[in-house]
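Dear colleague,

Please find below the structure that I am handing over to you.

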Amino acid sequence: MALVRNNSSNGREPVLSPRSLTSPRGLTSPRPLAARPTPEPVRPLANFPPSIWADRFITFSLDNSELEAYANALEEPKEAVRSLITDTTIDATTKLKLIYSVHRLGLSYLYPEEIDAELDILFKKIDLDYYEQVDLYTISVQFQVFRHHGYRLSSDIFKKFKDTTTGIFTDEVSKDVKGMLSLYESAHLRLHGEDILDEALAFTEAQLKKIVSTLEGDLARQVNQVLKRPFHTGMPMVEARLYFNTHEEDFSCHEAVVKLAKINFNYLQLQQKEELRMVSQWWKDMEFQTSVPYIRDRVPEIYLWILGLYFEPYYSRARIIATKITLFLVVLDDTYDAYATIDEIRLITDAINRWEMSAIDQLPQYIKPFFRILLNEYDDLEKEYSKDGRAFSVHASKQAFQEIARGYLEEAEWLNNNYVATFPEYMRNGLITSAYNVISKSALVGMGAIADEEALAWFETHPKILKASELISRLQDDVMTFQFERKRGQSATGVDAYIKEYKVSEEVAIKELMKIIENAWKDINEGCLKPTEVSMALLTPILNLARMIDVVYKFDDGFTFPGKTLKDYITLLFVSPPPSLEN
């Protein structure tokens with residue numbers, strides 16, 4: 001964070017000449033001076049770009065009868081696909097390819113038990129000799145299916161594609177574009193020690209980049225798409241739509257799958273546009289644009305972020321709650337970074353940690369409306385969830401919010417004292433200020449019975465998968481934003497702390513931080529394999545939060561400047577019509 005200096009006066013008051021305080025004659029009594037107004041403090045304004053959406057999504061009007069019609073229309077194809085998944089007459093290769101397409105189309109949530117039961121049977125029957133007989137594409141698809149659903153299929157099945165003499169992948173692999181594409185996707189599911197997948201990632205990426213300009217049609221679109229963002233690190237809803245548009249040959253043989261996907265896309269878009277309308281209207285009603293005009297106005301972007309954690313229809317309430325709390329975080333973050341003085345930051349932090357309405361009296365006028373709304377919203381949530389004994393999740397979110405305020409304060413104190421933290425110091429506090437803890441715990445509030453006290457206790461143990469996702473959240477952000485922060489004179493990022501700690505160049509620091517991110521992904525992949533410590537329903541938002549960090553920060557600071565990736569995603573999901581049901 002930065003406190004911008006006024007260079008024209010070096011931050012000092014102008015010096016008045018003694019002569020100017022008296023009459024030019026020096027004989028008459030000096031006239032009394034008018035009381036001078038208290039100067040407005042110099043503030044570290046960032047001049048963030050305004051919202052590119054304005055009030056666009058507030059005007060949406062949901063037709064409940066249309067939503068209900070889609071819900072009813074889902075039933076027939078849903079049962080038809082269920083019959084396909086459980087059909088005992090379908091051979092294993094066809095069954096696994098079907099489940100692969102169902103997963104890629106975002107339909108797995110409709111069949112969690114059926115898919116798990118089928119994969120359990122198929123995994124127990126695996127004969128590794130089978131993989132000696134089949135092609136790269138088939139092997140890669142099956143590897144992805146099992147790994148995505150928690151089954152530890154060995155990466156040794158890819159060994160046959162390497163030259164035993166040179167140890168590199170064969171020419172046949174280089175000529176199999178569809179196989180390489182699927183191997184590239186498979187390599188993103190790698191674990192620690194899986195050297196063959198590390199090598200496969202480097203090899204396929206280089207080969208696909210070399211040939212992409214020579215390709216045409218859907219295959220060209222598939223390769224461009226995967227090189228930009230592999231499925232495993234993408235936003236599930238967007239990846240499902242892209243897969244539907246470019247991989248029709250994978251699932252078009254199953255008419256029920258095509259029909260189900262189309263209806264599901266239409267149903268989800270209606271529901272999600274209504275949720276976006278609700279949070280947009282709430283934001284406008286709370287008048288944040290008036291009371292805190294200096295912040296990043298990013299309601300659709302934050303809703304998209306939370307939608308990335310869980311898109312299933314039954315998490316509608318959870319998405320609305322988590323979106324509101326994350327918007328509170330944006331207000332707090334930008335107030336500390338881009339408006340408040342150090343003295344005001346200390347007062348705001350103290351008020352948030354006191355968490356009582358009487359603390360409002362100590363706050364600067366501009367932040368009082370926010371503080372009042374913050375406490376009232378949490379109070380309403382506490383009352384709502386106390387009815388079924390679930391107020392503990394609200395308390396956990398509130399405590400995480402208080403913790404991040406203290407973390408932001410520590411960053412502000414470092415800046416105020418011109419202190420660059422050591423890398424361990426930075427990471428200790430940086431994992432807090434990444435906002436990960438607040439978002440992940442707030443995501444639990446509306447998830448229902450599955451997010452019970454035992455689940456929360458697991459979160460509190462700070463397991464490896466959670467820490468890995470936090471690391472990605474912190475460091476991917478830093479790598480993409482440190483130059484913008486430096487220009488503003490903000491507090492040091494992880495890049496700066498690493499440079500100071502290890503006396504390395506900026507280039508080396510970025511390279512090493514990217515290695516940490518890469519290893520963190522391997523920890524996440526490991527944490528999603530059976531037997532898992534908690535339900536996959538609880539692990540999936542952790543995985544998806546890491547994915548959304550990659551979406552937002554892979555190429556630039558996509559949140560502060562959302563005119564690229566996030567604009568395209570919002571347009572695809574909430575503006576462009578979903579696939580037509582008529583063809």
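**Pockets, record and aromatic contacts**

In the second largest pocket, α23 is the element that gives the most to the lining, with six residues. Please note that the model is a predicted one. The second largest pocket holds about 570 Å³ of space. Its lining consists of 19 residues, and those closest to the centre are His-188, Met-514, Glu-518, Asp-550 and Lys-554. Two or more lining residues come from each of α7 (195-211) and α23. Sorted by class, the lining of the second largest pocket comprises seven nonpolar, five polar and seven charged residues. Because domain 1 (72-256) and domain 2 (287-575) both give residues to this lining, the second largest pocket lies between them.

The largest pocket has a volume of about 1,000 Å³. It is lined by 42 residues, and nearest its centre are His-103, Ser-108, His-148, Met-536 and Thr-540. Several helices take part: α2 (92-104), α3 (112-124), α4 (136-148), α9 (236-246), α23 (506-527) and α24 (536-553) each supply at least two residues of the lining. The largest share, seven residues, comes from α24. By class, the lining of the largest pocket divides into 22 nonpolar, 13 polar and seven charged residues.

As for the database record, an unreviewed UniProt entry places the feature "domain: Terpene synthase N-terminal" at residues 52-227. In the model, this span is 60% helix and 0% strand, and its end C-alpha atoms lie 27 Å apart.

Turning to the aromatic residues, how many aromatic pairs does a search of the whole structure find? The search finds 36 such pairs. One aromatic cluster is formed by Tyr-100, Tyr-243, Phe-244, Phe-251 and Phe-265.

With kind regards

Key:
Residues are numbered from 1 along each chain as its sequence is written. This is a predicted model: local features need pLDDT of at least 70, side-chain atom pairs count only at pLDDT 80 or more; totals for chains, interfaces and linings use all residues. Side-chain values use heavy atoms; hydrogens and water are left out. On a 1 Å grid over the protein atoms alone, a cavity is a set of points where a 1.4 Å probe fits but cannot get out, and a pocket is an open set with protein on both sides within 12 Å along at least five of seven lines; lining residues have an atom within 4 Å of a point. Grid points are joined across faces, edges and corners, and a volume is the space filled by probe spheres set on the points. Helices (H or I, at least four residues) and strands (E, at least two) are DSSP runs, numbered from the N terminus. Ala, Val, Leu, Ile, Met, Phe, Trp, Tyr, Cys and Pro count as nonpolar, Asp, Glu, Lys and Arg as charged, and the others, Gly among them, as polar. Domain bounds come from an automatic or database domain assignment. UniProt positions are given in the numbering used here, feature names are shortened, and annotations may be inferred rather than shown by experiment. Rings of Phe, Tyr and Trp (its six-membered ring) pair if their centres lie within 6.5 Å; planes under 30 degrees apart count as stacked, over 60 as edge-to-face and the rest as tilted.
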